[in-house]
Amino acid sequence: MSLREGSLDNQAGSSVSLLPHSETKIRQTHSLARLLTKYAEQLLQEYVQQQGEPFGRQGFSPPRLPVAGLSAPGAGHAGLPLPERLRLDAAALAALAALLDAVRRLQAERDPRARRLLRGLEDAARQARALGAAVDAVRAALGAAARPEPPAAAAATAAAAAAAAAAAGAFPAKVLGLRVCRLYRDWAARTERDLAPMAPGGPA
């Protein structure tokens, strides 16, 4: 992909003109997103295994409802302008960092002996936060405006969702964790795909 002078804000389609100093940042962020997509799939599998029946049963799949206002990437996401896609990716990852923290606390209350899963949830929260910050850094390097929502808002929304699930009982709390782990996998993968055309050697 050739590098030309340009700004993310001026792009309406999927192709973006990259400044030379942005190439390394984009490549690193894309590599991180690809790695975390693999980790997120492993975390989902570990979470399901720890929840017992009916979570491990083949065909068990609770409705994929939004969590704290966050849904999986929509069918129209890929058709959005790249600046908007990256903004949505970063916002989702910031929300997921707080949600993963909340799920870890719920899991610790139910089963403090599930140390591997608890460590995986803690790592995932930190990694989601790091990837979201990296996507924001890419956006800033390419001239995009900063996202307005402060991290405290995501944390408060996640805490409210976790409290509501916990009050409803163990099963709803487990379902919340499943949904959050699925959302993390979906948004990490979506971020990787959104960054791929910008990465050196990626598809045009």
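Which helices do the buried residues of α1 pack against? They pack against α2 (82-110), α3 (115-141) and α5 (170-195). Contact here means heavy atoms within 4.5 Å, and buried means under 20% relative accessible area, with exposed over 50% and partly exposed in between (1.4 Å probe, protein chains only).

The model is predicted: local features need pLDDT of at least 70, side-chain atom pairs count only at pLDDT 80 or more, and totals for chains, interfaces and linings use all residues. Residues are numbered from 1 along each chain as its sequence is written, and side-chain values use heavy atoms, with hydrogens and water left out.

Helices (H or I, at least four residues) and strands (E, at least two) are DSSP runs, numbered from the N terminus. Helix α1 covers residues 23-51. Its buried residues are Ile26, Thr29, His30, Ala33, Leu36, Thr37, Ala40, Leu43, Leu44, Glu46, Tyr47 and Gln51. The expected span of a helix is 1.5 Å times one less than its number of residues. For the 29 residues of α1 this gives 42 Å, and the end C-alpha atoms are 42 Å apart, which agrees.

Glycines with positive phi follow both helices. Gly52 comes after α1, with phi near 75°.

The loop between α1 and α2 contains Pro54 and Ala68. A cis peptide bond joins Glu53 to Pro54, with omega about 5°. Ala68 is not a glycine, yet its phi is positive, about 50°. Ala68 counts as partly exposed because its relative accessibility is 37%.
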